[in-house]
Amino acid sequence: MKKTALITGIIGQDGAYLAKILLAKGYHVYGLMRRYATPQFNNTDYLGITKDIEFVFGDMTDESSILNLIKSLRPDEVYNLAAQSFVGISWDLPKMTTEVNSLGVMYMLNALKLFSPQTKFYQASTSEMFGNSHKDGLQTEQTPFHPRSPYAISKLYSHWLTINYRESYNMFCASGILFNHESPIRGMEFVTRKISHGVAQIALGLAQEIRLGNLDSKRDWGFAGDYVEAMWLMLQQEKADDYLISTGETHSIRDFLQIAFAHVGIQDWEKYITIDPRFKRPAEVFALHGKSDKAREKLGWVPKVKFEELVKMMVDADVARLKHKMADKKYSSVKTPVVS
Ligand code: NDP
Ligand code: GDP
């Protein structure tokens with residue numbers, strides 16, 4: 001019998017990459033998506049897997065939809081990736097962020113407890129929960145949390161609720177504290193994709209500038225394709241636990257810009273950047289740098305894609321996509337909406 005997995009957030013970045021590896025491992029994959037008048041399958045299309053997923057409708061904010069789905073599917077594994085995942089907008093949408101990221105997880109855990117307590121559950125936690133907290137510049141599973149945004153606060157609730165269901169009901173509930181991970185299908189508003197897309201536009205003569213906020217913050221950026229493998233490994237262990245997933249390298253936005261522009265032959269990148277205070281945050285997380293020794297030792301997980309390769313992969317993908325759209329005469333410039 002095929003193993004079954006339900007992935008919430010299936011049409012997001014990680015949902016698509018995770019579905020790809022689960023399908024390759026022989027799983028039957030259910031993908032929870034919201035109802036749209038015009039659904040977008042760009043990410044699963046990009047990875048060539050849309051037809052292999054069984055899509056099911058639901059919404060993390062609609063408890064009855066979660067209860068009904070769990071009652072009817074009773075999957076072997078649930079990967080809860082659905083979220084309002086963008087920190088920047090969370091100051092403008094704190095209620096919606098909390099409803100999806102906190103209450104949605106409570107609905108899911110409760111549904112599993114009632115109808116499928118043997119299901120293994122993965123919660124998508126985040127390095128944003130650390131805020132500016134660190135020891136000697138590094139974060140580990142032991143670093144105290146100090147969330148700095150409504151997003152991070154909503155995720156801290158669900159991180160602790162996941163642990164609480166494990167401790168209260170002996171359910172298999174694991175939480176992955178993942179550091180930033182990117183790919184050619186990363187959301188357009190995140191700084192990496194904004195840069196790769198902006199650089200591609202500039203290289204093709206379609207734009208003259210990229211408007212950004214704080215260039216000095218640092219992130220431990222990895223490749224989404226590597227990180228979803230860690231999610232799966234967490235659910236294959238005998239006992240549920242929490243693991244921090246990171247590359248162990250940290251880089252600034254300036255480093256990202258320099259490599260991305262150099263890749264299209266532009267060295268003097270500063271002249272294409274306009275600092276726009278509207279992209280600065282009310283409270284910044286200045287530097288994230290994770291130590292993922294536990295995951296490497298216990299899960300045998302190692303990230304494969306290095307930082308420079310990731311930047312180039314993203315720029316190449318955006319250049320290719322734009323060229324394709326231009327050839328089809330379907331190009332239209334995308335302006336990132338301003339937040340806060
Ligand atoms: P994305 O934003 O790409 O995907 C999130 C998905 O959640 C989207 O498919 C979205 O669907 C869905 N979603 C949002 N609200 C609801 C809802 N009410 N009901 C059902 N589905 C909903 O995020 P990523 O793939 O990058 O991230 C996956 C998870 O990992 C998220 O929980 C994120 O917070 C977390 N995370 C991500 C990190 C990263 O660097 N990528 C780092 C650490 C944690 P729709 O199109 O309908 O909005
Ligand atoms: P986050 O780590 O989940 O918040 O991922 P983001 O990619 O959204 O932001 C990473 C860092 O880039 C943060 O420190 C932002 O303040 C910084 N940054 C600078 N300019 C921008 C911008 O224009 N957009 C975004 N999204 N982030 C920016």
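This report describes a predicted model of a protein chain with two ligands, and then a few of its residues.

## Basis of the model

Because the model is predicted, local features need pLDDT of at least 70 and side-chain atom pairs count only at pLDDT 80 or more, while totals for chains, interfaces and linings use all residues. Residues are numbered from 1 along each chain as its sequence is written, chains are lettered from A and ligands numbered from 1 in the order in which they are written, and side-chain values use heavy atoms, with hydrogens and water left out.

## The annotated domain

An unreviewed UniProt entry lists residues 6–314 as "domain: NAD(P)-binding". UniProt positions are given here in the numbering of this model, feature names are shortened, and annotations may be inferred rather than shown by experiment. Over residues 6–314, the chain is 40% helix and 16% strand. Helices (H or I, at least four residues) and strands (E, at least two) are DSSP runs, numbered from the N terminus.

## The surroundings of ligand 1

Ligand 1 is surrounded by 25 residues, the closest being Arg 34, Tyr 36, Ser 85, Tyr 151 and Lys 155. A residue is near a molecule if one of its heavy atoms lies within 4 Å of it. The shell divides into twelve nonpolar, eight polar and five charged residues. In this division, Ala, Val, Leu, Ile, Met, Phe, Trp, Tyr, Cys and Pro count as nonpolar, Asp, Glu, Lys and Arg as charged, and the others, Gly among them, as polar. Helix α1 (13–24), strand β5 (120–126) and helix α6 (150–169) each supply at least two residues of the shell; β5 gives the most, with three residues.

An N or O atom in the side chain of Asp 59 is 2.8 Å from a nitrogen atom of ligand 1. An oxygen atom of ligand 1 has a polar side-chain atom of Lys 155 at 2.7 Å, and a backbone N or O atom of His 181 lies 2.8 Å from an oxygen atom of the ligand. On its own, ligand 1 has 890 Å² of accessible area, of which the protein covers 88%. Accessible areas come from the Shrake-Rupley method with a 1.4 Å probe; for residues, only the protein chains shown count as cover.

Oxygen atoms of ligand 2 lie beside polar side-chain atoms of Asn 180, at 2.9 Å, of Lys 194, at 2.7 Å, and of Arg 281, at 2.5 Å. The protein covers 97% of the 540 Å² of accessible area that ligand 2 has on its own.

## Two buried residues

Trp 269 lies in the loop between α9 (253–263) and β13 (273–275). Trp 269 is classed as buried because its relative accessible area is 7% (buried means under 20%, exposed over 50%, and partly exposed in between, with a 1.4 Å probe and protein chains only). Beyond its neighbours within four places in sequence, Trp 269 is in contact (heavy atoms within 4.5 Å) with Leu 215, Arg 254, Leu 257, Gln 258 and Phe 261.

His 251 belongs to strand β12 (residues 251–252) and is also buried, with a relative accessible area of 17%. Its side chain forms a polar contact of 2.7 Å with that of Glu 249. Leaving aside neighbours within four places in sequence, His 251 touches Ser 217, Lys 218, Arg 219, Trp 221 and Phe 307.

Arg 74 is found in the loop between α3 (63–73) and β4 (77–80) and is partly exposed, at 43% relative accessible area. Its phi is near 40°, a positive value in a residue other than glycine. Asp 136, in the loop between β5 and α6, has a phi near 55°, which is likewise positive in a non-glycine residue. Asp 136 counts as exposed because its relative accessibility is 71%.

Terms used. A polar contact is a pair of N or O atoms within 3.5 Å; within protein, one must be able to donate a hydrogen and the other to accept it, and residues adjacent in sequence count only if both atoms are side-chain atoms.
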